[in-house]
Amino acid sequence: MFDETFKHRQLWTIVVSTGAETQVTSGDSTVKGYSLSADGKRMAVQRAPTPADMAAYRGDVGMVDAGGANARMLPPNTTGEKAPRGYPDGSQVLFPREPTP
């Protein structure tokens, strides 16, 4: 994808009964995947520099509070990190590592 006018994808919450929307994530990365912890307080997230499919290999994974605060991302590396899952207590993140194409 060479589109320089893309918009980053972010996570939002919506209260079903009222329709009230709240943006959870922000910044210059796109959320490619997430997994909410069992207690609903933390989530494992996968971010990438652009929304392009291949950008996932240049992204990172980590844990963040369900409200978007206190992000703790793993340091950047050369291995693709996808499909993050958080431990039930939100203290660790599990993900498969894939070779970078």
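Strands here are DSSP runs of E of at least two residues, helices are runs of H or I of at least four residues, and both are numbered from the N terminus. By that rule the elements of the protein chain run β-β-β-β-β-β-β-β-β-β from the N terminus on, with zero helices and ten strands in the count. The structure is a predicted model, in which local features need pLDDT of at least 70 and side-chain atom pairs count only at pLDDT 80 or more, while totals for chains, interfaces and linings use all residues. Residues are numbered from 1 along each chain as its sequence is written, and side-chain values use heavy atoms, with hydrogens and water left out.

Some totals come before the details. The accessible surface of the protein chain is about 6,600 Å², and carbon and sulfur atoms account for 54% of that surface. Such areas come from the Shrake-Rupley method with a 1.4 Å probe, and for residues only the protein chains shown count as cover. Of the 101 residues in the protein chain, 34% are buried; buried means under 20% relative accessible area, exposed means over 50%, and partly exposed lies in between (1.4 Å probe, protein chains only). A contact means heavy atoms within 4.5 Å. Among contacts between residues at least 6 apart in sequence, 29% join residues at least 24 apart.

The sheet can be followed strand by strand. Strands of a sheet pair through backbone hydrogen bonds, either parallel or antiparallel. For this model, two strands pair if DSSP finds at least two bridges between them. Four strands form an open sheet in the order β3-β4-β5-β6, with antiparallel pairing. Its edge strands are β3 (30-36) and β6 (72-73), each of which pairs on one side only.

β3 and β4 are joined by six bridges in the antiparallel sense. Ser35 has Ala44 of β4 as its bridge partner, and Gly33 stands opposite Gln46 in β4. The hairpin of β3 and β4 has five residues between the strands, and Gly40 in this hairpin takes a positive phi near 75 degrees. Strand β4 (residues 42-48) is mostly covered, with six of its seven residues buried. On to β5, the antiparallel pairing of β4 and β5 again rests on six bridges, and Met43 stands opposite Val64 in β5. Strand β5 (residues 60-65) is in turn joined to β6 by two bridges, and these strands also run antiparallel. Here Met63 stands opposite Arg72 in β6.

Which residues make up the largest nonpolar core? The core has six residues, namely Leu11, Val24, Val31, Met43, Val45 and Val64. A nonpolar core is a set of buried Ala, Val, Leu, Ile, Met, Phe, Trp, Tyr and Cys residues joined through side-chain atoms within 4.5 Å. In soluble globular proteins, nonpolar side chains tend to be buried together. Leaving aside neighbours within four places in sequence, Leu11 is in contact with Val24, Val31, Met43 and Val45, and also with Thr22, Gln23, Thr25 and Tyr34.

Gln23 belongs to strand β2 (residues 21-23) and is partly exposed, because its relative accessible area is 38%. Apart from neighbours within four places in sequence, Gln23 is in contact with Gln10, Leu11 and Trp12. A polar atom of the Gln23 side chain lies 2.7 Å from the backbone oxygen of Thr25. Thr13, in strand β1 (residues 12-14), is ten residues from Gln23 in sequence and 6.5 Å from it in space, C-alpha to C-alpha. Thr13 counts as partly exposed because its relative accessibility is 39%. Not counting residues up to four places away in sequence, Thr13 touches Ala20, Glu21, Thr22 and Val24. Thr13 and Gly67 are 54 residues apart in sequence and 8.9 Å apart in space, C-alpha to C-alpha.

The loop between β4 and β5 holds Thr50. Is Thr50 buried or exposed? Thr50 is buried, because its relative accessible area is 17%. Residues that Thr50 touches, not counting those up to four places away in sequence, are Phe6, His8, Thr30, Lys32, Ala55 and Arg58. A polar atom of the Thr50 side chain also lies 3.2 Å from the backbone nitrogen of Ala52.

Notes: A polar contact is a pair of N or O atoms within 3.5 Å; within protein, one must be able to donate a hydrogen and the other to accept it, and residues adjacent in sequence count only if both atoms are side-chain atoms.
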